[in-house]
Amino acid sequence: MTDLSNDKTKIAGVVDVIRAKRDGGRLTDDQIDWTIAAYTRGEIADEQMSALAMAILLRGMEAGEIARWTAAMIASGERLDLSSVARPTVDKHSTGGVGDKITLPLTPLVAACGAAVPQLSGRGLGHTGGTLDKLESIPGWRAGLSNAQFVRQLTEVGAVICAAGDELAPADRKLYALRDVTGTVEAIPLIASSIMSKKIAEGTGALVLDVKVGTGAFMSAMAQARELARTMVDLGTAHGVRTTALLTDMSTPLGRTVGNAVEVAEAVEVLAGGGPSDVVELTLALAREMLDAAGLPDADPAAALGAGRAMDTWRAMIAAQGGDPLAPLPVAAEAELIRADRDGYVAGADARAIGVAAWRLGAGRARKEDPVSAAAGVVLHRRPGEPVRAGDPLLELRADDPRRIADVLPYLAGTVELAEEPPPARDLVLERVG
Ligand code: URA
């Protein structure tokens, strides 16, 4: 391997790595290990790493390179040890969708069925929301736990959703922030290694991936989503994590709400035995997949939901992190309805447009240091397939500041598509990759 002990050689080393990938070559294991370690230590400049990320986006990586890149990202920080948790551990990761609040009912539901669910989550960036932002709308709830608190809550309650600590895959933390501002997020090797390095380092024994497909997702084409799912399943399996994936539809938002407090309220409806049918269907599909992966195939999540056991675990999980599960959630000061201009059926609701609207209303952030509004968001009064009469409300926009509503209104024309006939029913779960 090249001697990289002095500055000049280091610079030559990085440039060689960039050139190799630029020209379509395969990076060696040594090059990958050194690049990730040196970047984490601050010895590779952001502009060099940006050039390498772009070369990877354009040229791709072989399976062996992705596996090594992922291993190097895991090795950049700590790997949690959950061996003291008696129950089988299983987590879920979604590649991000509009109105995707599934983690909120799913985590306590799977815990109520006998598994332990360690959910290290992130904050939202761009048009898909972050689970922590949603939970932070609950008065008192805090996202930060020490590793010891995390393991204790996992043992005692069986369910934890909290922020990933700085020591978990720190290489990914730096690289993801850089990719976000250099147009290099959408590279399958980089997405797969980013997600899987964090999930493997978290220490879970099993993992179910919810890979979204459609206008509101990273991947709008089925073939790309399938490739991402297969790459991640193979990475998890190679690291001893039982991993499967569901490809699920993200062409319309999930449920009736997009935002923070509004999504928590909808998740609580599901835990109480109600809620929109698509949110319930996906929660149960992922719960079954997780319980299977955890070695609990006979558990019955529908029964646990019906009997209120998932709600009991939700309340314990929220209270363990300082939250008051019964406190009223924040309500927006301003609201405006968009109404149907004719009779018909809702043929579609553009997930991306609605996600962007919720973000601009204040529910999401443009830069990672921006604050978010707990109360802002969008409520879908009619979902695809439902009949409408002229004058019925279709969308409700909520914000703390009326100027934000005025700003998004012009962009929402045609977002909810009306037709004379009801649209054909769509499958929510499109495919399984195991
Ligand atoms: N989520 C991640 O954690 N990383 C990515 O690269 C994309 C989505």
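Predicted model: local features only at pLDDT ≥ 70, side-chain atom pairs only at ≥ 80, totals over all residues.

Colleague: Which element gives the largest share of the shell around the ligand?

Modeller: The residues around the ligand are Tyr176, Arg179, Ile191, Ser194, Ile195, Lys198 and Phe218. Two elements, α8 (170–180) and α9 (188–201), each give two or more residues to this shell. The largest share, four residues, comes from α9.

Colleague: How many charged residues does the shell around the ligand have?

Modeller: Arg and Lys count as charged, and the shell includes Arg179 and Lys198. By class, there are four nonpolar residues and one polar residue, and the number of charged residues is two.

Colleague: What percentage of the ligand's accessible area does the protein cover?

Modeller: A polar side-chain atom of Arg179 lies 2.8 Å from an oxygen atom of the ligand. For Ser194, a polar side-chain atom is 2.6 Å from a ligand nitrogen atom, and for Lys198 a side-chain N or O atom is 2.5 Å from a ligand oxygen atom. Of the 240 Å² of accessible area that the ligand has on its own, the protein covers 92%.

Colleague: Is Asp401 buried, partly exposed or exposed?

Modeller: Asp401 is in the loop between β11 (393–399) and α16 (402–408), and its side chain reaches the backbone nitrogen of Arg403 at 2.9 Å. Buried means under 20% relative accessible area and exposed means over 50%. Because its relative accessibility is 22%, Asp401 counts as partly exposed.

Methods. Residues numbered from 1 in each chain as written. Heavy atoms only, no water. Buried < 20%, exposed > 50% of the residue type's maximum accessible area, 1.4 Å probe, protein only. Polar contact = N/O pair within 3.5 Å; in protein donor to acceptor, adjacent residues only side chain to side chain. Near = heavy atom within 4 Å. Areas by Shrake-Rupley, 256 points an atom, 1.4 Å probe, with all protein chains shown as cover.
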